[in-house]
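I opened the notebook to go through one chain from its fold down to single residues.

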Amino acid sequence: MKSVIYSLLALALVSSATQASAGNSAEEERNKRNVVEFYNLAINEQNYEAAEKYIGDTYIQHNPIAADGREGLKNFLAFAKENLPEYHSDIKRVFADGDYVILHVHAKRTPDDRGSAVMDIFRLDENGKVVEHWDVIQEIPPPEERMNDNGMF
């Protein structure tokens, strides 16, 4: 009898682990798609008008050099378009956890720039619209200054 109980318990644990690692929910997948599309339009194409459809009614900005709200984002992107016309971010990884999506990106001001490793964190509303943003930026050092060869991506 104990072996049957242990077998059932083991089966339940394996089943639970498989479901947990099976992937994101449909909502999380939608959120990932929306953030990637928003990010490419806003950052890489520098096209606020096209990206605007992915922004919620409110937009809270945690980057200290950008203002809150849709207008704040629009002004920030206009500044970037004028001053950093070659700026591009290559999305390396996309993670989702409920209404949060995290992008791990390689951002470069110019094609020859070593760039920065960036973690962009977005919160989405129940409709899959971006309503909040944080970012963490780390410059990529030259090879001779690195303490390991692991890379940042």
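**Entry 1: the chain**

I noted at the start that this is a predicted model. I looked up the secondary structure and found four helices and five strands in the protein chain. I then read off the order from the N terminus, which is α-α-α-β-α-β-β-β-β. I checked burial next: of the 153 residues, 31% count as buried. The accessible surface of the chain comes to about 9900 Å². Carbon and sulfur atoms own 53% of that surface. I also looked at contacts with a separation of 6 or more, and 45% of them join residues 24 or more positions apart.

**Entry 2: the strand pairs**

I took the strands pair by pair. Strand β2 covers residues 88-97 and strand β3 covers residues 100-108. The two run antiparallel, with nine bridges between them. I looked up Ser89 and found Ala107 of β3 as its bridge partner.

I stopped at the turn of this hairpin. Two residues lie between β2 and β3, and Gly98 has a positive phi near 65 degrees there.

I went on to strand β4, residues 116-124. β4 is antiparallel to β3, and eight bridges join them. On this side I found His106 bridged to Ala117 in β4.

β4 also pairs with β5, again in the antiparallel sense, over nine bridges. Leu124 stands opposite Val130 of β5. The hairpin of β4 and β5 has five residues between the strands. Gly128 in that hairpin takes a positive phi near 80 degrees.

Which way does β1 run beside β5, parallel or antiparallel? I found the pair to be parallel, joined by three bridges.

**Entry 3: the largest pocket**

I looked up the volume of the largest pocket, and it is about 740 Å³. The lining has 32 residues. Nearest the centre lie Asn63, Phe76, Tyr87, Asp135 and Ile137. I listed the elements that give two or more residues to this lining: α2 (26-44), β1 (55-61), α4 (69-83), β3, β4 and β5 (130-139).

Which element gives the most to the lining? I found α4, with five residues. I sorted the lining by class and got 19 nonpolar, six polar and seven charged residues.

**Entry 4: Ser116**

I placed Ser116 in strand β4. Is Ser116 buried or exposed? Its relative accessible area is 14%, under the 20% limit, so Ser116 counts as buried. I set aside residues up to four places away in sequence and listed what Ser116 touches. The contacts are Val105, His106, Ala107, Ile137, Gln138, Glu139, Ile140 and Phe153.

**Entry 5: Lys32**

I found Lys32 in helix α2. Lys32 has a relative accessible area of 17%, so I put it down as buried. Leaving out residues up to four places away in sequence, Lys32 touches Asn24, Val94, Phe95, Ala96 and Val101.

**Entry 6: Gln46**

Gln46 came up, with phi near 50 degrees. Gln46 sits in the loop between α2 and α3 (48-51). I checked its cover as well: relative accessibility is 10%, so Gln46 counts as buried.

**Entry 7: Arg146**

I ended in the segment after β5, where Arg146 lies. How does Arg146 count in terms of accessibility? At 37% relative accessibility, Arg146 falls between the 20% and 50% limits, so I wrote it down as partly exposed. Beyond residues up to four places away in sequence, Arg146 touches Arg114, Ile140 and Pro141.

**Entry 8: cross-check**

I compared two contact lists. Ile140 is among the contacts of Ser116, and Ile140 is also touched by Arg146. I went back to the pocket too: Ile137, one of the residues nearest its centre, is among the contacts of Ser116.

Methods:
Residues are numbered from 1 along each chain as its sequence is written. This is a predicted model: local features need pLDDT of at least 70, side-chain atom pairs count only at pLDDT 80 or more; totals for chains, interfaces and linings use all residues. Side-chain values use heavy atoms; hydrogens and water are left out. Two strands pair if DSSP finds at least two bridges between them. On a 1 Å grid over the protein atoms alone, a cavity is a set of points where a 1.4 Å probe fits but cannot get out, and a pocket is an open set with protein on both sides within 12 Å along at least five of seven lines; lining residues have an atom within 4 Å of a point. Grid points are joined across faces, edges and corners, and a volume is the space filled by probe spheres set on the points. Ala, Val, Leu, Ile, Met, Phe, Trp, Tyr, Cys and Pro count as nonpolar, Asp, Glu, Lys and Arg as charged, and the others, Gly among them, as polar. Buried means under 20% relative accessible area, exposed over 50%, partly exposed in between (1.4 Å probe, protein chains only). Contact means heavy atoms within 4.5 Å. Accessible areas come from the Shrake-Rupley method with a 1.4 Å probe; for residues, only the protein chains shown count as cover.
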